[in-house]
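Please consider the structure shown below.

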Amino acid sequence: MIKARVTVTLKNGVLDPQGKAIEGALSGLGFTGIGHVRQGKVFDLELESVDKAKAEADLKAMCEKLLANTVIENYSISLD
């Protein structure tokens with residue numbers, strides 16, 4: 001069994017209204033010194049495989065086809 005984490009974030013230059021709203025909410029709650037907030041998504045997956053190379057290739061395919069909108073998002077994969 002291979003455990004993986006896929007992190008998806010917006011590319012630089014893509015507007016992030018949710019991040020902006022979080023930034024404003026944090027300020028409204030009294031937190032100071034918050035510069036710039038960007039939000040993203042994290043997926044934790046378990047793959048029934050022992051071949052890390054195949055698992056990574058499968059995860060890349062999952063990101064390209066479903067987990068990330070590669071026009072506006074970047075993704076990173078980490079395996080345990």
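In this predicted model, 68% of the contacts between residues at least 6 apart in sequence join residues at least 24 apart. The protein contains 2 helices and 3 strands, arranged along the sequence in the pattern β-α-β-α-β. Its radius of gyration is 16 Å, well over the 12 Å that the globule rule gives for 80 residues, so the protein is more spread out than a compact globule. The C-alpha trace spans about 45 × 25 × 15 Å along the principal axes, and 21% of the 80 residues count as buried.

Helix α2 comprises residues 52-67. Its end C-alpha atoms are only 19 Å apart, whereas a straight helix of 16 residues would span 22 Å.

Which residues of α2 are buried? They are Ala 55, Leu 59, Cys 63 and Leu 67. These residues lie on the same side of α2, because they cover an arc of only 80° around the axis. An α-helix has 3.6 residues a turn, so residues three or four places apart point the same way. On the other side of α2, Ala 53 and Lys 65 are exposed.

The buried residues of α2 pack against β1 (2-10), β2 (40-47) and β3 (73-79). Ala 55, for instance, is in contact with Ile 2 and Leu 47, its neighbours within four places in sequence being left aside. These three residues belong to the largest nonpolar core, which has 10 residues in all, including Val 6, Val 8 and Ala 68. The elements giving two or more residues to this core are β1 and α2.

Conventions: Residues are numbered from 1 along each chain as its sequence is written. This is a predicted model: local features need pLDDT of at least 70, side-chain atom pairs count only at pLDDT 80 or more; totals for chains, interfaces and linings use all residues. Side-chain values use heavy atoms; hydrogens and water are left out. Helices (H or I, at least four residues) and strands (E, at least two) are DSSP runs, numbered from the N terminus. The expected span of a helix is 1.5 Å times one less than its number of residues. Buried means under 20% relative accessible area, exposed over 50%, partly exposed in between (1.4 Å probe, protein chains only). The arc is that of the directions from the helix axis to the C-beta atoms. Contact means heavy atoms within 4.5 Å. A nonpolar core is a set of buried Ala, Val, Leu, Ile, Met, Phe, Trp, Tyr and Cys residues joined through side-chain atoms within 4.5 Å. The radius of gyration is taken over C-alpha atoms; the globule rule is 2.2 Å times the number of residues to the power 0.38.
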